[in-house]
Amino acid sequence: MSQKSSFRVPITIKLLVIFLSVVIVSNIAISLISYRIAAKGMNKSVNDHLSSVADDVANQIAAVNAKNFAALHFLAEQAFIKDETVSLEEKTRQLAGIAGALGGYYENIAFYDKEGNAITGDGRIINFASRPYFQQSFAGKDFVSDPAMSAITNSVLQHYGVPVYDKNGKPIGAVVMVIGGNSVYDTISSIDMGGGMHPSVINYKTRVTIANANEGTDETDSGEKLDETQGLGLILNHIFEGREGVEDFFDPSLKAHLIASYKKVPGTDWTVFAVAPYKVYFASLFAMKGSMVWVMFASLALSSLITVLLIALLFKPLKTVKASITRIASGHADLTQRIDEASNDEIGDVVKGFNLFTEKLQGIMSDIQQSRAQLDAAGNDMSGSAQETSASIREIISNIATISGQIENQVSSVNQTSASVNEIASNIESLKRMIENQSAVVSEASSAVEQMIGNIESVNHSVDKMASSFNLLEEQAQGGITKQQAVDSQIRQIEQQSTMLQAANATISNIAKQTNLLAMNAAIEAAHAGEAGKGFAVVSDEIRKLSETSSQQSKTIGLQLKNIQSLIATVVSASADSSQAFSSVTDQITETDGLVTHIKAAMEEQKSGSQQIISALHNMNDSTVEVRNAATEMNEGNKVILQEVVRLQKFTEAMQSGIDEMSAGARRIDESGSTLSSISERVKDSIEKIGNEIDQFKV
């Protein structure tokens, strides 16, 4: 048997581990589900917020642009601007007055004619046809430039331009407004994304940052090439591709987790890029995550305390059961002990079951104690009976020895009688074998003669059949000779016909040669005739080809006819040999028929002599049968005597064997009696020991 481990884990610890495992798993599951739901909702809220911020910034910038374009379109619709008869100087003077009246950040408003000429503030006429704001405006598009530092004024300027049309809708120039300062920067600097970060505006086509309110950062002009596969570089790459959206990312260079929203400004090539630290918007989510961990540990500690208390209350009755079982197992095994039933639950059921088991065991032990006296008396009776049985068995063994001596004398007499009878039976068997041998010899001789007569008759029958077959064979040989002669005649006819075919083939060959000569002559004449003989030349060429083909076929037929003549000669020779063979066979058949006739006469004489021999053998066989029958009767009588003697011998041997077995059985019974006496003593001792053990139980 395998030894169990000495390490023991109490069931209270097992239940505590199971309960705490369930609590931990359920808390983790609830926390994860709650965190995922909260994170999903917060992600949607933050994404919507950042998207709305980017939309708001883009709409504010678009509103500023729309305001400036509205002012320019108003000026472009003025009559003096649309009138080509008004000079460039006059248009410039009136627009300068309007700009002065507007004041503020309007640096200049000027008219550019269709050649791109405009008058500067110092009165010079300069051609601006190569400038983008003129080209785009004159092409019929509203143009707004990126805010840029001017080398002339040493300040940030921004150009707006719109086309100017005459009364017939023909473009005649453009009105361009120059604004001082960066209105885009002013718009984004007032918006805080969180963590002190502000939106920026990027031209996604030129990849230039046109407004950035974040100090010390410039996404595109820093000179350091960003990795476009991750972090800020990947987001900027999405902006340069013209995309819009909201994304969170980790930037390795900044070592920060950020979230960004980017939105195009309507009517421009600009994109608002609003980025902020991820933790600014998700700080409450992180706090919630930490709170969940603390709540989980607190609930785990409280659950552990409650579980320990409950387990202690539940297992208190089991401790009582343990104490009672210990008391029963110690001392004199007091089976009168019972456990108080203190609870009405599964543990109470265990206590009830234990009390019932103890009560039943008490009853069993009481019955065993009452049976002890009966076992003692039975042990004493068994010991006395074993001694009496042993004495009786010794007396039986003595009687069996006397009977065994008498049976041995009888066995000796039976064996002598059996030997005498066996000798008589041997003599009778020898006489019977001699008679049977004589009868067998006569029977064999008779059978041989009868078989010889049968063979003679069979030979005669075969000779008759042979004679008939020889007659039929002779007739068939004569018919074969006649047919062979007819075949020889037909073969000679075929030989004559092949000779005629050879002559006809020679004639065909000569005709083919003459046709070939005629074709050659016709070809020569056709060549002499020139164009007129071309058709005839074709015909002559076909005739020449036909003659060549006929000549080749004639040669082939000639070779085949020669082969056929050779084969016919061979057949004629074989036919002559066959005719001679048929004649020889006919002569030999005639001679063989005479020999068969002589054989038949000799067989008839031998048959007559064999019949006389068989008659004498039959008479001898009848006498032998009578002698054999008498010997058989003697043998049968002797067998009966021998069987009786053998049966007596077997019966005597069986008696001897039975006496031996009785003797052996008596000896074994004697040994068993001794063993039984020993066993009865051991049983008596065992009963006393069991009684001592039973006396230890208090019932």
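User: I take helices (H or I, at least four residues) and strands (E, at least two) as DSSP runs, numbered from the N terminus. How many helices and strands are there in the chain?

Analyst: The chain has nine helices and 12 strands. This is a predicted model, in which local features need pLDDT of at least 70 and side-chain atom pairs count only at pLDDT 80 or more, while totals for chains, interfaces and linings use all residues. Residues are numbered from 1 along each chain as its sequence is written, and side-chain values use heavy atoms, with hydrogens and water left out.

User: What share of the residues counts as buried?

Analyst: Of the 699 residues, 30% are buried. Buried means under 20% relative accessible area, exposed means over 50%, and partly exposed is in between (1.4 Å probe, protein chains only).

User: And contacts: what share joins residues at least 24 apart?

Analyst: That share is 64%, counted among contacts between residues at least 6 apart in sequence. A contact means heavy atoms within 4.5 Å.

User: Next, the sheet. In what order do the five strands of the open sheet come?

Analyst: The order is E9-E8-E12-E11-E10, with antiparallel pairing. Two strands pair if DSSP finds at least two bridges between them. E9 (208-212) and E10 are the edge strands, each with a single partner strand, so one side of each has no neighbour in the sheet. From one strand to the next, the twist averages 30 degrees.

User: How many bridges join E8 to E9, and how many join E11 to E12?

Analyst: E8 and E9 are joined by four bridges, and Ser200 stands opposite Asn212 in E9. E11 and E12 are joined by seven, and there the partner of Lys264 is Thr271 in E12.

User: What about the other two pairs?

Analyst: E8 and E12 pair over four bridges, with Val272 in E12 as the bridge partner of Val201. E10 and E11 have seven bridges, and Asp251 is bridged to Ala256 in E11.

User: Which residues take a positive phi in the hairpins?

Analyst: In the hairpin of E11 and E12, with five residues between the strands, Gly267 has a positive phi near 80 degrees. In the hairpin of E8 and E9, with four residues between the strands, Arg207 has a positive phi near 60 degrees.

User: Is E12 mostly covered or mostly open?

Analyst: Mostly covered: eight of its eight residues are buried. Trp270, Val272, Ala274 and Ala276 point one way, and Thr271, Phe273, Val275 and Pro277 point the other way.

User: How many residues of E9 are buried?

Analyst: In E9, four of the five residues are buried.

User: Now H6. Which strands do its buried residues pack against?

Analyst: They pack against E8 (200-203), E10 (245-251), E11 (256-264) and E12 (270-277). H6 itself spans residues 231-240, and nine of its 10 residues are buried. Among them are Leu232, Ile235, Leu236, Ile239 and Phe240.

User: What angle does H6 make with E10?

Analyst: The direction of H6 makes about 155 degrees with that of E10. Axes are lines fitted to C-alpha atoms, for helices over the stretch in contact, and angles run from 0 to 180 degrees between N-to-C directions. Just after H6, Gly242 takes a positive phi of about 85 degrees.

User: Changing topic: what volume does the largest pocket have?

Analyst: Its volume is about 1200 Å³. The search uses a 1 Å grid over the protein atoms alone, where a pocket is an open set of points at which a 1.4 Å probe fits, with protein on both sides within 12 Å along at least five of seven lines; lining residues have an atom within 4 Å of a point. Grid points are joined across faces, edges and corners, and the volume is the space filled by probe spheres set on the points.

User: Which residues lie nearest the centre of that pocket?

Analyst: Arg131, Tyr133, Leu157, His159 and Val178 do, out of 41 lining residues. Elements that give two or more residues to the lining include H3 (88-102), E1 (106-113), H4 (132-138) and E6 (156-165). E1 gives the largest share, five residues.

User: How does the lining split by class?

Analyst: The lining has 19 nonpolar, 13 polar and nine charged residues. Ala, Val, Leu, Ile, Met, Phe, Trp, Tyr, Cys and Pro count as nonpolar, Asp, Glu, Lys and Arg as charged, and the others, Gly among them, as polar.

User: Last one, Glu653: which helix does Glu653 lie in?

Analyst: Glu653 is in H9 (residues 534-694). Glu653 is partly exposed, at a relative accessible area of 44%. Glu653 and Glu408 are 245 residues apart in sequence and 9.1 Å apart in space, C-alpha to C-alpha.
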